[in-house]
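Let's take a walk through this model together. Keep the viewer open and follow along.

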Amino acid sequence: LVPPSLREDPAERRRAIRVLAFCAAMGLWAPIFWAVYEFLVPCRPCALGGAGAGTLVLTIPFLQRWTQRSWIGGNALTLLAGATYAALVIYTGGCSSPAAVWFVSLPIIATMTVDLRSGVFWSVASVLVVSAFFTYEECFGQLSTPLSHRAFHVLQFAGLAGIIFCVLGLT
């Protein structure tokens, strides 16, 4: 799936392969988080959102091949991850949501699949999104969540375990 034009430059080839690897990893984790949201929590909108993101991530390698630009694939992947996290944060309680910790992965994904400049951009974007949630909650109160205390606790565990394995996989 790496376009021939990206195979010529070793750095571009490496980034293109990383985009493919990240897409594969996210594609593998999506069914796990779907099962967590569908059966353990349960939260059908979150499960469907995760399944949708898991399906969309499979299109990114084709986008990268079509555009012949690894930076487009890397940024599309980071955007999809950020949009998924934001949707989960909105639905599961705002800044205190277990999904909020996942914003820390965006600059890492961007830096590893694109470059440091992209990592800085996604760092700033992540802080702005988290700041928007914080400001909203300061002005209007915490976002509500349909989750029970037990379900919220399960998501806290799953989110922390997931981010630990994510960081492990990135190092």
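Go to Gln68, which follows α4 and has a positive phi, near 60°. Helices here (H or I, at least four residues) and strands (E, at least two) are DSSP runs, numbered from the N terminus.

Before going on, a word on what you're looking at. This is a predicted model, in which local features need pLDDT of at least 70 and side-chain atom pairs count only at pLDDT 80 or more, while totals for chains, interfaces and linings use all residues. Residues are numbered from 1 along each chain as its sequence is written, and side-chain values use heavy atoms, with hydrogens and water left out. As for pLDDT, that's the predictor's confidence in each residue, from 0 to 100. The chain averages 92, and 100% of the residues score at least 70. Confidence is lowest in helix α1 (residues 4-7), with a mean of 86, and highest in helix α7 (residues 116-140), at 97.

Now step back into α4 itself, residues 60-67. Its buried residues (under 20% relative accessible area; exposed is over 50%, partly exposed in between, with a 1.4 Å probe and protein chains only) are Ile60, Pro61, Gln64 and Thr67. Looking down the axis of α4, you'd see these buried residues fall within an arc of 140°, so they line one face of the helix. That arc is taken from the directions from the helix axis to the C-beta atoms. Phe62 and Trp66, on the other side of α4, are exposed. The cover over the buried residues of α4 includes α1, α2, α3 and α5.

Ile60 also leads us into the largest nonpolar core, where Ile60 is among the residues that touch the most other members, along with Tyr37, Val41, Leu77, Tyr85, Phe103 and Leu147. That core has 35 residues, and a core here is a set of buried Ala, Val, Leu, Ile, Met, Phe, Trp, Tyr and Cys residues joined through side-chain atoms within 4.5 Å. The elements giving two or more residues to this core are α2, α3 (44-56), α5 (70-91), α6 (105-113) and α8 (149-170).

Next, α8. At 1.5 Å a residue, its 22 residues should span 32 Å, and the end C-alpha atoms are 31 Å apart, which agrees; the expected span is 1.5 Å times one less than the number of residues. Buried residues in α8 include Ala151, Leu155, Gly162 and Leu170. The buried residues of α8 fall within an arc of 160° seen down the axis, so they line one face, and they pack against α2 and α6. Turned away from that side are the exposed His149, Arg150, His153, Phe157, Ile164 and Leu168.

How many salt bridges does the structure hold? There are 2, counting a side-chain nitrogen of Lys or Arg within 4 Å of a carboxyl oxygen of Asp or Glu. One joins the side chains of Glu12 and Arg15 (2.7 Å, N to O). Being 3 residues apart in helix α2, Glu12 and Arg15 are separated by about one helical turn. Glu12 is buried, with a relative accessible area of 19%. Glu38 forms a salt bridge with Arg44, with the closest N and O atoms 2.4 Å apart, and Glu38 counts as buried at 13% relative accessibility.

Technical notes:
Contact means heavy atoms within 4.5 Å.
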